[in-house]
Amino acid sequence: RNNLRCKLKQMKRSKKTFILVIIFFFISSFNPNFREDTKSFIFPIKKVLIENNKIVNSKDLQNELSSLVGKNLLLIDHELIKSKIVKYDFVKSFRLKKIYPKTLKITIFEKNPVALYIDGKNKFYLSDSGDVIKYKELKDINDLPKVFGSNNGFEQLYRSLKELNFPINQIKLYHYFEIDRWDIILKNDKTIKLSNNNYALNLQNFMKIKNKKNFEKYKIFDYRIKNQLILN
């Protein structure tokens, strides 16, 4: 019994000691006159790991976050990190993980470019969630379908195509018209002229007939007139 009591006392003392140490870390690290170049001797960050990024350059991002090195891992400023990361157009979101005693791991989630929007002389990427992203040459991204006219309603159109399991990889071009409708041109040069209302039905019909022999010779599938399909 005496041994058990001694062990319990030791556990309580250890727990109190641990709590006191943590409190000491916070107190000793707190600086009301905090500056960005302030370094910490408590859990100083020595390594910033960047992972899960394919488009955003790791070295560029690490240079952007170089001021984190030497800061207290316990007291990292999430908003400061966010302000530096969101400068990169392709970043959708990110996640931080503290790996004690000295490493901060940042997991990047990138926007997924699915089309190249041509607006006059300017070019932009469009993501699957409708984001407009500044254009830059990307080695691993090529042969994206082009979008002409406008990107208005592109997100909704793309979502409809995905829901219908439309062969998106066969699309060469999307063309938006000001009367609020789309043409879709495929890589085999077939053109689908969608109506300006409930085009999901048009796409469903095209999916049913596109591989039938009776329709192989036609290049234009015109759904602009309600409840009609004009072939050419």
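**Close-up 1. N165 in the loop between α4 and β8.** In this predicted model, N165 is found between α4 (154-163) and β8 (171-177). Its phi is near 55°. That value is positive, and N165 is a residue other than glycine. Most residues other than glycine have a negative phi. N165 is exposed, because its relative accessible area is 64% and the cut-off for exposed is over 50%.

**Close-up 2. N52 in the loop between β1 and α2.** The loop holding N52 runs between β1 (47-51) and α2 (58-64). N52 is not a glycine, yet its phi is positive, about 75°. N52 counts as partly exposed, because its relative accessibility is 49% and exposed means over 50%.

**Close-up 3. The cis peptide bond between Y100 and P101.** Y100 and P101 are joined by a cis peptide bond. Omega is about 15° here. Most peptide bonds are trans. P101 has its place in the loop between β2 (91-99) and β3 (103-110).

**Close-up 4. An aromatic cluster.** Five residues form this cluster: F154, Y158, Y174, Y176 and W182. Ring pairs link them. The structure as a whole holds twelve aromatic pairs. A pair of aromatic rings is described by the distance of the centres and the angle of the planes.

**Close-up 5. K123 over the ring of Y135.** Here a charge meets a ring: the charged end of K123 sits over the ring of Y135. The distance to the ring centre is 4.4 Å.

Notes. Residues are numbered from 1 along each chain as its sequence is written. This is a predicted model: local features need pLDDT of at least 70, side-chain atom pairs count only at pLDDT 80 or more; totals for chains, interfaces and linings use all residues. Side-chain values use heavy atoms; hydrogens and water are left out. Rings of Phe, Tyr and Trp (its six-membered ring) pair if their centres lie within 6.5 Å; planes under 30 degrees apart count as stacked, over 60 as edge-to-face and the rest as tilted. A charge sits over a ring if NZ of Lys or CZ of Arg is within 6 Å of the ring centre and within 35 degrees of the ring normal. Helices (H or I, at least four residues) and strands (E, at least two) are DSSP runs, numbered from the N terminus. Buried means under 20% relative accessible area, exposed over 50%, partly exposed in between (1.4 Å probe, protein chains only).
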